[in-house]
Amino acid sequence: LIRPFLLGVVGFVVIMLANTLYLYAELIVHSGVSVEVVAWLLLYNLPAIIVVTFPVAFLFSTLLAIGRMSKDSEVTALRSVGVSFNRFLAPLLGVSVVVSYAAFWINDEVVPWANRKTVDLVREMVLHQGQPVIKENIFFKGTKENRYFYVRQVDRRNNNMYDVFIFDKRTGTQEVIIAGEAQWVKDSWQLHNGVVSHYDKWGAIAEEEAFKEMTVQVSLNPDAFFAAGERSPQEKSSEELYDEIAALKDGGTDTKSMEVDYQMKFSLPLATFFS
């Protein structure tokens with residue numbers, strides 16, 4: 001199994017690298033990037049390509065090995081001396097488990113890092129763009145509480161927020177907090193220069209008070225919302241993606257597409273075992 005499997009991986013990697021180079025061709029021609037950048041792009045794409053080649057390479061090696069054993073009557077010889085069908089399959093299943101685990105490790109540890117490097121390289125060397133530091137129009141719901149948050153703009157360099165709106169219905173009455181600036185510090189927001197408005201059950205303002213500074217407890221991870229969209233699911237490990245999905249779910253965000261990407265991190269490596 002091992003030799004044809006490795007040959008299959010190498011063969012399919014070469015084919016898929018050629019296809020990747022073809023996909024980059026238009027970008028390369030129009031952007032005029034150097035050969036060195038192209039080489040790095042192909043190198044960073046290599047881990048993801050290897051994971052994809054594992055299932056088909058293992059299927060190829062399995063068919064080749066069993067076909068050779070059948071042709072040389074080795075299967076007949078094994079059965080004639082009492083070797084059961086399950087015993088005959090045990091090495092195939094054992095190797096498939098090892099290959100599946102190797103594929104999962106590469107897909108979960110190496111591929112996200114390589115994908116981040118690819119995106120950064122394309123952004124900086126090809127598109128001549130830096131990492132975005134300003135994120136706008138963020139809306140989410142508090143974890144298991146009847147409280148809603150809106151931030152017009154966030155500076156990711158220091159987590160400074162501008163034009164903050166908090167709608168609170170936890171006590172049954174409605175409270176609205178509006179602040180010009182705020183900063184996320186651990187599990188609290190430090191609000192500056194704002195107004196707190198209390199509404200009665202008919203929706204009229206019952207009380208209104210201005211403030212210079214106010215602290216609001218927010219038991220959420222800011223990166224789950226402020227950094228959402230900066231990295232694709234393919235640039236995160238399964239653990240990072242799981243934590244982000246859990247936080248966004250608690251914040252009332254639809255995560256169905258992210259959950260599909262999360263399951264893909266397991267289904268793709270396991271394709272080798274089920275092939």
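The model is predicted, which I keep in mind throughout.

**Overview.** I counted elements to start with and got 7 helices and 6 strands. Reading along the sequence, I noted the order α-α-α-α-β-β-β-β-β-β-α-α-α. I also looked up burial: of the 275 residues in the protein, 36% are buried.

**Helix α7.** I went to residues 256–274, which form this helix of 19 residues. From the first C-alpha to the last I get 25 Å, close to the 27 Å expected at 1.5 Å a residue. Where does α7 bend? At Met 264, by about 30°. For its buried residues I listed Met 258, Tyr 262, Lys 265, Pro 269 and Thr 272. A reminder to myself: residues three or four places apart in an α-helix point the same way, because there are 3.6 residues a turn.

**Nonpolar patch.** Next I looked at the surface and found Leu 93, Val 97, Leu 270, Phe 273 and Phe 274 grouped in a nonpolar patch. Their accessible area together is about 470 Å². Which helix gives the most to the patch? That is α7, with 3 residues. Helix α4 (85–126) also supplies at least two, as α7 does. I picked out Val 97, which sits in α4. Its relative accessibility is 46%, so I put Val 97 down as partly exposed, since exposed would take over 50%.

**Strands β3, β4 and β5.** I then followed the pairing. β3 (residues 160–168) runs antiparallel to β4 (residues 174–185), and 8 bridges join the two. One pair I wrote down is Met 161 with Ala 182 of β4 as its bridge partner. β4 also pairs with β5 (residues 188–199), again in the antiparallel sense, over 11 bridges. The hairpin of β4 and β5 has 2 residues between the strands. What phi does Lys 186 take in this hairpin? A positive one, near 55°. Side chains in a regular strand alternate between the two faces of the sheet, which I jot down as a general point.

**Salt bridges.** How many does a search of the whole structure find? I get 2. Side chains of opposite charge can pair when their charged atoms come close.

The pair I took up to begin with is Arg 68 with Asp 72, at 2.8 Å from N to O. Arg 68 has 55% relative accessibility and therefore counts as exposed. Asp 72 is at 37%, so I logged Asp 72 as partly exposed.

The other entry is Arg 152 with Asp 163, whose closest N and O atoms are 2.4 Å apart. This pair links distant parts of the chain, 11 residues apart: Arg 152 belongs to β2 (residues 147–155) and Asp 163 to β3. Are these two buried, exposed or in between? Arg 152 is partly exposed because its relative accessible area is 34%, and Asp 163 is partly exposed too, at 35%. The cut-off I used for buried is under 20%.

Definitions and conventions: Residues are numbered from 1 along each chain as its sequence is written. This is a predicted model: local features need pLDDT of at least 70, side-chain atom pairs count only at pLDDT 80 or more; totals for chains, interfaces and linings use all residues. Side-chain values use heavy atoms; hydrogens and water are left out. Helices (H or I, at least four residues) and strands (E, at least two) are DSSP runs, numbered from the N terminus. The expected span of a helix is 1.5 Å times one less than its number of residues. The bend at a residue is the angle between axes fitted to the seven residues ending there and the seven starting there. Buried means under 20% relative accessible area, exposed over 50%, partly exposed in between (1.4 Å probe, protein chains only). Two strands pair if DSSP finds at least two bridges between them. Patches are made of residues with over 30% relative accessible area and no salt bridge: like charges are joined within 9 Å, nonpolar side chains (Val, Leu, Ile, Met, Phe, Trp, Tyr) within 5 Å. Accessible areas come from the Shrake-Rupley method with a 1.4 Å probe; for residues, only the protein chains shown count as cover. A salt bridge is a side-chain nitrogen of Lys or Arg within 4 Å of a carboxyl oxygen of Asp or Glu.
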